[in-house]
Structure formats: C-alpha cells, structure tokens
Amino acid sequence: MTNERPTIMDSIVHQFNPKRQILRLLDMEVPSVETILKAFTRMIIAGLFLAVVLVSLYGTGWTTVEQLPQNIADPSNIKGLGVLIFTDFVIPFEILSIVLLSSLIGAIYLAKGDDN
C-alpha cells in the first residue's frame, strides 16, 4: 500500500459513484405530507420575498441627480432627499424597511443559537 494522497478526481469519483447514488435513492423513504407542506410553505415564502425584492428593484422609477430638488444653502440636499422619500418613493421605502427588519430578526435568531 502506498502513502499517496488521493487526487481531487479520485475524491469526486468516490463521492459521486453511480452505484452509491443508486443505493442512496433506493434507501430513501417517502416524505410525509406534513414535511411536503412545510417545504412548500417555505418555498412560497421565499418566492414572495424574492418577488417583493424584484418588484421594488425593477418597478421603481429611479430619479437622476438632475431631478432632485436643489437647495443652495444645504449642499448635502438632505431635505430634498427626505421630500422624495416620503412623497414619490413611499412604497420602496416601506418595502426596504420590511426587508431590513426581517434581516435584523434573522440575524438575532442566528446569533442567539441553541439553549445548550
């Protein structure tokens, strides 16, 4: 027996051996209806989230810098941006707030970990 390390190709062939894959498929159990419904519900929620993000990205008419209200006294134009956010861009602003809130809740859930 030689002390040669297996190559990446040897590892791939070993991992994805067709005989091994067929045995895995034959050994699988049929999932319960409850498991299928849970997976389907998760896919619907993920699809809705993706739809909200895509609609907010592609359904928004983005204004250019020339269209912003100009204020000579305030070069940062914070007031003009605030007026635009709360008049023309209310729906994208609310969608963004929901996305950020959900990501914050997810980060807290992941950081909490198990009680062990």
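Colleague: In which helix do glutamate 34 and lysine 38 both lie?

Modeller: First, a word on the source: this is a predicted model, where local features need pLDDT of at least 70, side-chain atom pairs count only at pLDDT 80 or more, and totals for chains, interfaces and linings use all residues. Residues are numbered from 1 along each chain as its sequence is written, and side-chain values use heavy atoms, with hydrogens and water left out. Helices are DSSP runs (H or I, at least four residues), as are strands (E, at least two), numbered from the N terminus. Glutamate 34 and lysine 38 are 4 residues apart, about one turn, and both belong to helix 3.

Colleague: What is the N to O distance in the salt bridge of glutamate 34 and lysine 38?

Modeller: An α-helix has 3.6 residues a turn, so residues three or four places apart point the same way. A salt bridge here is a side-chain nitrogen of Lys or Arg within 4 Å of a carboxyl oxygen of Asp or Glu, and the count comes to 1. Glutamate 34 is exposed at 53% relative accessibility and lysine 38 partly exposed at 46% (buried is under 20%, exposed over 50%, partly exposed in between, with a 1.4 Å probe and protein chains only). The N to O distance of the bridge is 3.6 Å.

Colleague: Where is confidence highest in the protein chain?

Modeller: pLDDT is the predictor's confidence in each residue, from 0 to 100. The chain has a mean of 80, and 84% of its residues reach 70 or more. The lowest mean, 75, belongs to helix 1 (residues 8–15), while the highest, 90, is in helix 3 (residues 33–58).

Colleague: What is the angle between the planes of phenylalanine 86 and phenylalanine 93?

Modeller: Rings of Phe, Tyr and Trp (its six-membered ring) pair if their centres lie within 6.5 Å; planes under 30 degrees apart are stacked, over 60 edge-to-face and the rest tilted. The structure holds 1 such pair. Phenylalanine 86 is exposed at 58%, and phenylalanine 93 is partly exposed at 32%. Their rings are edge-to-face, 5.3 Å centre to centre, and the angle is 70°.

Colleague: Which residue follows helix 5, with a positive phi?

Modeller: Helix 5 (residues 90–112) has 23 residues and reaches 33 Å from first C-alpha to last. That is close to the expected 33 Å, which is 1.5 Å times one less than the number of residues. The residue after helix 5 has a phi near 75°, and its name is glycine 113.

Colleague: How many helices does the protein chain have?

Modeller: Along the sequence the pattern reads α-α-α-α-α. Buried residues make up 7% of the 116 residues. There are 0 strands, and the number of helices is 5.
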